[in-house]
Amino acid sequence: MKKIDLTIILCLAACLICFGGCSKSEVEPEKIRDVFEALDIKSSDIKLSDTIYSQMADSWEKWKETDPEKRALSSDRPGNKTEYFESWDEAINYIGIDPWNPLEKADWLEKKNYCGTDAKNYFSDKLFHCCFHASGTYDEDIAFSFLDAGYAMGDIQIVITDYIYTINFLDISPDHYSMIKYYQFYKENGNAMAVESVNSDFGYTCMVGVDSTQQDVGISIKLYKDGELKYEIRMVSSGDIENLEILKEAFNKVCTELSIPLEYDVVFK
């Protein structure tokens, strides 16, 4: 009887060990970073792919070999690189990093080209989901770069931009917008919160601006860290400023998906 009991105990122990080991070996679901984590980990030490640096260096070499008179007449400038991609995976394989972009996995969005239904590469009839651009410095380093990805929610176009390298700069003049508000994000008891800033000093995490023309109306959500623009989400639809509410659902869905602690009815009250 004792031998049988011992055997049962050993079998149960083996099962528990196996279960524990199997559980740990399972692949955990990929975590979608919220806006707080995305801003916290944002660094200026990001290293892009060797391909990009090599192409930028080649553009400088060709520039140096160009006749000075032709340089003066040329509209081209060295150290500028723009590439278009049909898919997000194609874009990140090229740039060598995988930027924060929860919208790529949002099932309520349709993947579209990066800046509208009719945007095309100048040299192709294809529509492109992503656009990467980089600008170099005179010492052949990269000073500024971003990656755009485009989506659609019905008739509303949504573009998310990751500013991979940015220079400390003031934002577009508030005169560009019909309305502008600033917010500081914080966490209280683990909950994401936002408080409206009383001025436009760089003590804020987020700027919300409304841009309206006779043809369309748009909302921009710009996210900052240490005075640098890091991410931007633009929502654009046809209509004038009186029809701003047509962007309400898109605004709230984007804020929920990206864990941005803002609500349309509060921002636009």
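Predicted model: local features only at pLDDT ≥ 70, side-chain atom pairs only at ≥ 80, totals over all residues.
**Exercise 1.** Find how the rings of Tyr 84 and Phe 128 are arranged, and which parts of the chain the pair ties together.

*Solution.* First, a bit of background: a pair of aromatic rings is described by the distance of the centres and the angle of the planes. Here the centres of Tyr 84 and Phe 128 are 5.6 Å apart, with the planes at 45 degrees. Stacked needs under 30 degrees and edge-to-face over 60, so this pair is tilted.

Tyr 84 sits in strand 1 (residues 80–85), while Phe 128 is in the loop between strand 2 (110–112) and strand 3 (130–136). The pair therefore links parts 44 residues apart in sequence.

For practice, take Tyr 264 and Phe 268: at 4.7 Å centre to centre and 40 degrees between the planes, they form a tilted pair as well. Both of these residues are buried.

**Exercise 2.** Which residues touch the most other members of the largest nonpolar core?

*Solution.* The core has 55 residues, and the ones to pick out are Ile 158, Leu 223, Met 235 and Phe 251. Zoom in on Phe 251: leaving aside neighbours within four places in sequence, its contacts include Met 235, Tyr 264 and Phe 268. Then look for a second, separate core, which has eight residues, among them Phe 146 and Tyr 177.

Methods. Residues numbered from 1 in each chain as written. Heavy atoms only, no water. Core = buried A, V, L, I, M, F, W, Y, C linked by side-chain atoms within 4.5 Å. Buried < 20%, exposed > 50% of the residue type's maximum accessible area, 1.4 Å probe, protein only. Contact = heavy atoms within 4.5 Å. Phe/Tyr/Trp six-rings, centres within 6.5 Å; stacked < 30°, edge-to-face > 60°. Helix = DSSP H or I, 4+ residues; strand = E, 2+ residues; numbered from the N terminus.
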